[in-house]
Amino acid sequence: MCASHRAVRGLIAELSGYGEHTVTDMEAGLEHMKRGTARNVDVMLIVAEPYYRSLEAAERTYSLARELAIPHIFVVANKIKTNADQKAVDEFCARHGMPIIGTVPHDDELVEADRRALAPIDHAPDCTSVRAIVAIADKLRALPSPGGRQQAGLAARPQT
Amino acid sequence: MKIATVGKGGSGKTTIAGTLSRLLAQGEHKVLAIDGDPNPNLALTLGMTRDAADAIRYIPSSIMSLVDAGGGEKKLVMTVTQDHLIKTYAARAPGGIDLIVMGRPQHGSAGSG
């Protein structure tokens, strides 16, 4: 719904100074991109599965994110089961100039965590998929700070 | 840093968003997680219980208002302060993470969006 989209977009901008990091789980699909919901982000992680339609969708999202001038745009290769899966994602992304920030393997522990209604990191903190996300978090922390809009150590931006 | 996860439904983006939030919050770093998905389940991947997740107050879209910014441009402004919003609507997830949820429950019939 339109009002809701607008609200999400506005909120992300308004809350940008809150805390050190904001992590926004966007809705599926491209609508939010067309409406500009994603404009106020520093890092966009495009989660792609190793099949063609998913990669194609990732590519469209990537192009839109570029148009919105989002500073850091990465693909996360998710649910990778085989070397062939990895190769398919690698080749597709290389062909379209899309950087991959990390590969998260298919992991039955995630299915089990979901069944038990637990966070993956609480259910199995050392499982292969969580470890892969740890590596992604490390890379994100190492990115150059985005223009000082959020600074480490600041709990919240004072209201003006 | 403002991070967004996007992807097709079922791609696993919510699992990645939730786990990343928990990781970035380690060492007492302040993280705000925003669930912008119409089918909200970020709460569970952050480690909240189903009961706690069910008790989250959804943010009404009336929290943002479209105002005239001059020159025919419109801009969105919050109708409440940031502090009020966090105090009123944020749920506390493990790791000290504040979570706000923009979606609406599927069964919800609470007025117009």
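Of the 160 residues of chain A in this predicted model, 51% count as buried, where buried means under 20% relative accessible area, exposed over 50%, and partly exposed in between (1.4 Å probe, protein chains only). For chain B, 50% of the 113 residues count as buried. Residues are numbered from 1 along each chain as its sequence is written, and chains are lettered from A and ligands numbered from 1 in the order in which they are written. As the model is predicted, local features need pLDDT of at least 70, side-chain atom pairs count only at pLDDT 80 or more, and totals for chains, interfaces and linings use all residues; side-chain values use heavy atoms, with hydrogens and water left out.

## Chains and confidence

Chain A has seven helices and four strands, in the order α-β-α-β-α-β-α-β-α-α-α from the N terminus. Helices (H or I, at least four residues) and strands (E, at least two) are DSSP runs, numbered from the N terminus. Chain B has four helices and six strands, and its pattern along the sequence is β-α-β-α-α-β-β-α-β-β. The C-alpha trace of chain B spans about 45 × 35 × 30 Å along its principal axes.

Contact means heavy atoms within 4.5 Å. Among contacts with a separation of 6 or more, residues 24 or more positions apart account for 71% in chain A and for 58% in chain B.

The predictor gives the complex an ipTM of 0.86 and a pTM of 0.86. The table lists the per-chain confidence, with pLDDT being the predictor's confidence in each residue, from 0 to 100.

| Chain | Mean pLDDT | Residues at pLDDT 70 or more |
|---|---|---|
| Chain A | 85 | 76% |
| Chain B | 85 | 90% |

In chain A, pLDDT stays under 50 over residues 148-160, a segment with 31 contacts beyond four places in sequence in the model. In chain B, pLDDT stays under 50 over residues 105-113, which have eight such contacts beyond four places in sequence. Where pLDDT is low, the predicted coordinates should not be read in detail. Among the elements of chain B, helix 1 has the highest mean pLDDT (97) and strand 4 (residues 73-78) the lowest (78).

## The largest pocket

The largest pocket has a volume of about 630 Å³. On a 1 Å grid over the protein atoms alone, a pocket is an open set of points with protein on both sides within 12 Å along at least five of seven lines, and lining residues have an atom within 4 Å of a point. Grid points are joined across faces, edges and corners, and the volume is the space filled by probe spheres set on the points.

The lining of this pocket has 29 residues, and A:D114, B:G12, B:T14, B:T15 and B:T45 lie nearest its centre. Two or more lining residues come from each of strand 3 (72-80), strand 4 (100-105) and helix 5 (108-115) of chain A, and from each of helix 1 (13-25) and helix 2 (42-46) of chain B. By class, the lining has twelve nonpolar, eleven polar and six charged residues. Ala, Val, Leu, Ile, Met, Phe, Trp, Tyr, Cys and Pro count as nonpolar, Asp, Glu, Lys and Arg as charged, and the others, Gly among them, as polar.

## Strand 6 of chain B

B:D98 is found in strand 6 (residues 97-101) of chain B and counts as buried at 4% relative accessibility. The side chain of B:D98 makes a polar contact of 3.1 Å with that of B:K30 and one of 3.2 Å with that of B:R92. A polar contact is a pair of N or O atoms within 3.5 Å; within protein, one must be able to donate a hydrogen and the other to accept it, and residues adjacent in sequence count only if both atoms are side-chain atoms. Beyond four places in sequence, the residues that B:D98 touches include A:Y18 of chain A, along with B:V31, B:L32 and B:I86.

B:I97 is also placed in strand 6 of chain B and is buried, with a relative accessible area of 0%. The C-alpha atoms of B:I97 and B:V31 are 5.2 Å apart, although these residues are 66 apart in sequence. Among the contacts of B:I97 beyond four places in sequence are B:S21, B:R22 and B:A25, as well as B:L46 and B:A91.

## Positive phi values

A:K79 has phi near 60°, a positive value in a residue other than glycine. A:K79 lies in strand 3 of chain A and is partly exposed, with a relative accessible area of 31%. B:E28 likewise has a positive phi, near 60°, and is not glycine. B:E28 lies in the loop between helix 1 and strand 2 (31-35) of chain B and counts as exposed at 79% relative accessibility.

Technical notes:
1 Å grid on protein atoms, 1.4 Å probe; cavity = no way out; pocket = protein on both sides within 12 Å on 5 of 7 lines; lining within 4 Å.
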